[in-house]
Structure formats: structure tokens, C-alpha cells
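Please read the following report alongside the sequence and the three-dimensional view.

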Amino acid sequence: MRAQFVLSEIGVGLRRNLTMTFAVVVSVALSLALFGASLLLSDQVNTMKGFWYDKVNVSIFLCNKSDGETDPNCAKGAVTGEQKKQILVDLKKMPTVDKVVHESSDEAYKHYKEQFGDSPLASSLTPDQLQESYRIKLKDPENYKVIASAFAGRDGVQSVQDQKGILENLFVMLGGMNWAARAVMALMLVVALMLIVNTVRVSAFSRRRETGIMRLVGASGFYIQAPFIMEAAVAGLIGGIGASAMLVLGRYFIIDNGLALSEKLNLINFIGWDAVLTKLPLILATSVLMPALAAFFALRKYLKV
Amino acid sequence: MIRFDNVSKAYPKQNRPALRDVSLEVERGEFVFLVGSSGSGKSTFLRLILREERTSQGQVHVLGKDLARLSNWKVPQMRRQLGTVFQDFRLLPNKTVAENVAFAQEVIGKSRGEIRKSVPQVLDLVGLGGKEERMPGELSGGEQQRVAIARAFVNRPKLLIADEPTGNLDPQTSVGIMKLLDRINRTGTTVVMATHDQQIVDQMRKRVIELEKGRLVRDQSRGVYGYQH
């Protein structure tokens, strides 16, 4: 295999179909950017959900020492062992309760660190500032109010929170966006594949004289097909680089600068650069392999050996 | 070198088979004319040897190999031992004479040094020494066919297939091409040539195989063209 020969063939092929190549590059870039955006959106949702979101429905936060001074619900001081035991017994008696997990303030600190590890607030926090809590899974999540009315205002209980109430709507919206991104991605992907197949077909047709001679003098199938496949792969790679750039710039302008959501919504924990960077290898690999495979199968039809 | 055993070939959507029960053998070093009117099966005969087509019935052996049993990925290896020349030359118009010949070696992965050595050699052999850098468009038909022959011969094939190589050439030029093919034949290369050129066949007095409506109707050593068309 003479690399120089193949490379020059690729260059000639890409220039000959400049408009088609451009269309392939753009459609691959858009579909893969949407693919990456969809992955990042899922990451974002997971980051925001934190440790307990998918596992429980209701949380009962218990008073700790420092709450005694600041929180009117905890005017009688920190929760006692007796109170804790009573709450647990009462919870287990309720038919709607499926499971109860106790989270100590040390565990709460650990989970908090995992979710908000790099925020300035987390570094000033100590375990005893966090409440211990009962995390409750209900048989029917709609029964949240039963728990609330039974335990809110009880001695030692700081608050009862419906875990999903706050974020549910946001997540429904993000989920919807995610599906929309995937639908558009699927469509763009189909367009990209059809463009690649067509480009390869045009390319094979315009070079049928060369390939005909190559066949006759006994060039191997791989040697005949390689320039076409590499052509598609190179165009795809350019598209993949474009998609990667869009994701990096997207995170930069939406989260850090431009829209600067991280400043405006500083309570939300946003995905970090690592989340974006770990997606790039996948996107680049897909951008090379997908067009190469499409070209390979297109050639089986249009370039008989 | 070539053996046909009861070979028939039918194309889909055609009621008459292109070849019908053809059996023959071509020995190493022979020069064979393949004659017959248009549609007699000459092209199919050649395409079967090149394994561009497969037989419907019977076996074709080329260079000792049963082409029906040759897997697809081994076909290129087989074709490297064959050279092919056509009526329409099939040169690459945007490459020089030397590049056209070198192309046949580049695409089978020959080394640069080998190409640099063998290309001028074969161009000298076909009488085109000194015209390496010309473009095909600047050459006469006869010269273009010589380039095509150089390209077919540069990998030193054991068998040269020529499909009406003089079909586009005037009689005088054709004689030159035939002399060249004869010279190549004398180096030990088997030549099978399909032709309509009565004068050439009658002059050369080589083996003549005649096909008619897909059947082998004549196989004559030192034969003549034999029928008026």
C-alpha cells in the first residue's frame, strides 16, 4: 500500500465533490453536535438530581444543634434519640411507606460534597451543619401529603420535603428537550448517511475509468475501495471536529460566558468541562467510523470487484 | 493455460445463451484468434477468462485454476497474471504515457524503484521510447494502443487478452500493432485476440477459433478468417 498514492487520490476526490463534501461535513457536524448535546443534557439532569432524587419520594429532615437557634420549627432543640425512634416506628406503621432509609449528617455531608464538591459553599460547610434525615420511598408517590401532615410540626422535625416537587417540572422540560434533540439528531443522521452514500456513488462514477483499470490489472478490492472510504472518513472527521468545537463553545458561552448561566443560576450545579471533554473521543470516533462504514456498504453496491 | 469444459453462459432476460457447450484448450505460448460475428459470444468468452462473469454451466480453468472455485478476494491475484487490451485503449487522459503505465504497477503495490526500472523498459519494447511525458490526447491511435499494450504487459503477464485491439486503427497501423503482439507472444506470453480483421487473421496464419451464435464452430491451427461479413 503506497500511502502517498492513496492520499493524493483522497485529495482529488474531496476537491472534485466540493459541494457534496461540504454537505456531508455540515450534516455530520450537526448530527453529532446534537448527539453530544443530548448526552450532556442527560449528564446535566443527573448532576442536578443529586444522590437521593431517583431513590426516594419524601425526605424528613430532623433538627440539629445549630437549627435550635435559627429555625422556629426546632425551637425545642436538636432531635433526641427517643424522637427519632418514634418517627421511625410511626413511619413503618404507615401502609403507604415502602422503604425508609436513615441518612446521618456525616452521610449527608458526603453526598453534598459529591454533588457540589467544587462550589465555594461546600468548602465552608461542616457535617454538623447538615441535618440527619429519613429518606422515604412511597408505594404511591402521590401520597406525599399524608406524610407531610403526619410529621410536619412534630418535635425534632425541621421540615418535610416532597423531593420531586421542586425540580420535577424542570426535569420534564429538560427531558423533552433531550428527546427533541435526539429526534432531530436521528433525522440529521439519516440525511448525513444518505449524503455520504450519494457522494460515494458520484465519486465512484466519476472515477469508474480508473477503478475499471485497477480491477483489470488486479488491484485488490481494498486498494480500490480505500480512497473512497478514506474520503468519507476524512469528510466525517472534519464534521466531527466541527461538532466537538460546537460543544466546547456551547458550554463556554451558555454556562461560563455569554448567557453565563453559572452566575445567574448559582444554586444549580452545572456540568464541568470533564463532562464535555469525555464526550469528544466518542464523537470523533463516531464521525470517522460512521461515514467509513456507510461508504463501505455503498461501495459494495456500486463498485463490484 | 486456458481450458473450457462444456461451458455455457446465459444472461438473465435473454432467451438465447451467449455461449453454448464450448470446450477447448489453449496451451502455454499459443497465439489464438477468436473470430465470429457480433453477438457470437466472443466478448463473453473473454469476460469468462477474466472472471468478470461466471459460467452458467461447465468449468473454466485459467492458469491451472478453476475460476468457479476461486473466491472473490483471490480474483485480483489471478488478474495480475493477465494483461488486457481493448479496442478503445482505456487510457487515463489526465496522466502522461509513463504515468499511465506506472498506474498498473502502483495500484498493485509495486515499489517505486521497480516502477522506475520497468516503465522505460516496456515503453522501449512497444516503440514509445522518448514519449514518456506525452499525454494520451497528443498521440495517434496506434501510439495510444501501444501505451495500452505497454500497460497490459508491464507486469509481465503469462496471458494477454486483446479485445479487437485493431478495431479503431487503419490497416497500416494495425500491422504495426500485430507485429508488437507477435513479439510479445515470442517472449512466451500466451495471446488470445478477438478480432473482426480478416486481413490480419489471413496474414498471420495462427490458430483460429470461430464462434457462431454461442457455439464453437471451428478450431483450426494456422487458420484463416474464413467467412465474409
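## Domains of chain B

Chain B is divided into domain 1 (1–81 + 157–229) and domain 2 (92–156), with bounds that come from an automatic or database domain assignment. The C-alpha centres of domain 1 of chain B and domain 2 of chain B are 24 Å apart, and the contact between them takes 11 residues from domain 1 of chain B and 11 residues from domain 2 of chain B, where two residues are in contact if their C-beta atoms, placed from the backbone, lie within 7 Å.

This is a predicted model, in which local features need pLDDT of at least 70 and side-chain atom pairs count only at pLDDT 80 or more, while totals for chains, interfaces and linings use all residues. Residues are numbered from 1 along each chain as its sequence is written, and chains are lettered from A and ligands numbered from 1 in the order in which they are written.

## The domain 1 side of the contact

On the side of domain 1 of chain B that touches domain 2 of chain B, the largest share, 5 residues, comes from helix H6 (residues 171–186) of chain B; helices (H or I, at least four residues) and strands (E, at least two) are DSSP runs, numbered from the N terminus.

## An antiparallel sheet

In chain B, 4 strands form an open sheet in the order E2-E1-E4-E5, with antiparallel pairing, and two strands pair if DSSP finds at least two bridges between them. Strand E2 (19–26) and strand E5 (65–66) of chain B are the edge strands, each pairing on one side only. Strand E1 (residues 2–9) of chain B is joined to E2(B) by 5 bridges, and B:Val7 stands opposite B:Val22 in E2(B).
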